[in-house]
Amino acid sequence: MPGLTISYLGFNLHPEQGYAPLQDKVLSQAIAYAIDNQDTLEMVLGGYGEVPDAWIYRESPMHNPDLPQYAFNLTTARDMLLAARYTYVE
């Protein structure tokens, strides 16, 4: 049954806590591309649920379906990291 519970993996963007590299938008986007949300849903929730496209549920009038999405794509993640001069290790 559909519900309003959202589980998420977030980025700590507070440099005063020692995580300054995550202030880099390219790095954060590459990490987002490297996460297989569907696989995570399968592992964590046994396949029950759906991968959301935003924080606001789809039925809400506040929902914006035009937000950028980061579909799982390791090639894109790797290319972004290399272009930004990060080291990519498989």
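Q: Why is Arg58 called partly exposed?
A: Arg58 has a relative accessible area of 39%, and because buried means under 20% and exposed over 50% (1.4 Å probe, protein chains only), with partly exposed in between, Arg58 is placed in the class partly exposed. The model is predicted, so that local features need pLDDT of at least 70 and side-chain atom pairs count only at pLDDT 80 or more, whereas totals for chains, interfaces and linings use all residues. Residues are numbered from 1 along each chain as its sequence is written, and side-chain values use heavy atoms, with hydrogens and water left out.

Q: Where is the place of Arg58, and which residues does Arg58 touch?
A: Arg58 belongs to the loop between α2 and α3, where helices (H or I, at least four residues) and strands (E, at least two) are DSSP runs numbered from the N terminus. Not counting residues up to four places away in sequence, Arg58 touches Glu50, Val51, Pro52, Asp53 and His63, contact being heavy atoms within 4.5 Å.

Q: What makes the meeting of the side chains of Arg58 and Glu50 a salt bridge?
A: The N to O distance between the side chains of Arg58 and Glu50 is 2.1 Å, and because a salt bridge is a side-chain nitrogen of Lys or Arg within 4 Å of a carboxyl oxygen of Asp or Glu, this pair qualifies as a salt bridge. Glu50 itself counts as exposed, at 56% relative accessibility.

Q: Why does His63 count as buried, and what does the side chain of His63 make a polar contact with?
A: His63 has a relative accessible area of 15%, which puts it in the buried class, although it is found in the loop between α2 (37-45) and α3 (74-83). The side chain of His63 makes a polar contact with the side chain of Asp53 at 2.8 Å, where a polar contact is a pair of N or O atoms within 3.5 Å; within protein, one must be able to donate a hydrogen and the other to accept it, and residues adjacent in sequence count only if both atoms are side-chain atoms. Not counting residues up to four places away in sequence, His63 touches Asp53, Ala54, Ile56, Tyr57 and Arg58.

Q: What caps the N-terminal end of α2, and which residue follows α2?
A: Asp36 caps the N-terminal end of α2, with a side-chain oxygen 3.3 Å from the backbone nitrogen of Gln38. The residue that follows α2 is Gly46, whose phi is positive, near 65°.

Q: Why are the rings of Tyr33 and Tyr70 called an edge-to-face pair?
A: A search of the whole structure finds 1 aromatic pair. The ring centres of Tyr33 and Tyr70 are 5.1 Å apart and their planes lie at 80°, so the pair is edge-to-face, since rings of Phe, Tyr and Trp (its six-membered ring) pair if their centres lie within 6.5 Å, with planes under 30 degrees apart counted as stacked, over 60 as edge-to-face and the rest as tilted. Tyr33 lies in helix α1 and Tyr70 in the loop between α2 and α3, so the pair ties together parts that are 37 residues apart in sequence. Tyr70 is partly exposed, its relative accessible area being 28%.

Q: Why does Val26 count as partly exposed, and which residues does Val26 touch?
A: Val26 has 29% relative accessibility, and therefore counts as partly exposed. Val26 lies in helix α1 (residues 25-34) and touches Met80 and Ala84, not counting residues up to four places away in sequence.

Q: Why is Met62 called exposed?
A: With a relative accessible area of 63%, Met62 falls in the exposed class, and its position is in the loop between α2 and α3.
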